[in-house]
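The tour below goes from ring to ring.

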Amino acid sequence: MQLNRQDGITIQDIARSRVDIPRTEQWVMQSRVENRKYKIMVAIPSEAAPPSGYPVIYLLDGNSVFTTMVEALRMQCHRPDKTGVVPAIIVGIGYQTNRPFAPDRYYDYTPVPSFEYQHKSDGTPLPEQGGAQAFLSFIEEELKPHIEQEFNINSNRQTIFGHSLGGLFALYVLFTKPAAFQHYIAGSPSIHWNKEFLLEEEQRFVGRLEQESINVELLIGMGQLENSHVSRNLYQAKELSDRLSIHSDRGVNVTFTEFEDEGHVSVLPVLISRALRLVLKPEK
């Protein structure tokens with residue numbers, strides 16, 4: 001069927017092409033540690049880099065949210081004086097799939113296997129878990145050096161953004177290697193997945209604060225509609241933020257935000273917008 005326009009041109013008369021995101025590129029990296037393959041997606045600002053280099057955001061689950069974050073930043077960074085958001089490089093870490101999520105994330109984002117969560121809701125076994133340490137080694141020892149070699153990066157303005165299991169991973173990095181990033185965004189973190197392990201790492205992190213000060217910002221964002229989930233992650237995340245906020249004098253700056261009328265997935269766009277304003281403020 002032909003669709004006719006008022007000017008007499010039909011849809012069939014118009015050449016069609018793909019819609020691409022300007023100033024983006026992607027490639028595949030294979031980790032040296034465990035030979036796991038990752039699709040790396042990078043968005044490069046059109047604006048010139050400041051003398052100190054571009055801030056950089058490392059974005060987990062790149063297949064699902066890379067384009068959302070790229071467009072949100074592109075719309076906001078042209079007028080930092082009005083929006084409070086400066087240009088930055090976005091590095092999406094994803095997988096070789098056209099689906100928004102890959103089973104590999106269960107391994108990469110979980111610090112240890114869960115004894116409680118081993119099956120999906122339909123009874124089928126969950127993928128292998130417990131590879132967060134190797135994944136962090138890939139980011140720190142392989143991905144970051146490559147990005148810093150290719151682009152003009154400000155190594156003092158680095159952010160990690162993760163959601164759900166990715167939010168769990170962001171907390172794991174904060175507790176075990178806090179100097180890896182200056183900003184941590186944990187969206188709807190799956191605290192219930194490795195609850196006991198994460199609590200132990202939190203206690204070690206707090207113990208470290210007694211010996212040294214750090215300078216990090218943590219944003220935990222949850223959807224209000226998550227309050228009914230059986231995991232009680234919204235309440236656990238709020239309690240975690242309260243515990244960590246006590247240590248603001250040691251350089252731990254924590255914000256907990258509950259987004260009204262948003263759920264576990266729908267919270268992502270508003271969380272991304274809030275995160276950009278937090279981590280990409282103009283330099284003083």
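Is Phe 135 buried or exposed? Select Phe 135: its relative accessible area is 0%, so the residue is buried (buried means under 20% relative accessible area, exposed over 50%, partly exposed in between, with a 1.4 Å probe and protein chains only).

Before going on, note that this is a predicted model, in which local features need pLDDT of at least 70, side-chain atom pairs count only at pLDDT 80 or more, and totals for chains, interfaces and linings use all residues. Residues are numbered from 1 along each chain as its sequence is written, and side-chain values use heavy atoms, with hydrogens and water left out.

Next, show the aromatic rings. There are 13 aromatic pairs in the structure (rings of Phe, Tyr and Trp, the last by its six-membered ring, pair if their centres lie within 6.5 Å; planes under 30 degrees apart count as stacked, over 60 as edge-to-face and the rest as tilted).

Select Tyr 58 and Phe 181. This pair is edge-to-face, at 6.0 Å centre to centre and 65° between the planes. Tyr 58 lies in strand 3 (residues 54-60) and Phe 181 in the loop between helix 5 (165-176) and strand 6 (183-187), 123 residues apart (helices, H or I of at least four residues, and strands, E of at least two, are DSSP runs numbered from the N terminus). Both Tyr 58 and Phe 181 are buried.

Phe 135 belongs to helix 4 (residues 132-150) and Phe 169 to helix 5, 34 residues apart. Phe 169 also has 0% relative accessibility and therefore counts as buried.
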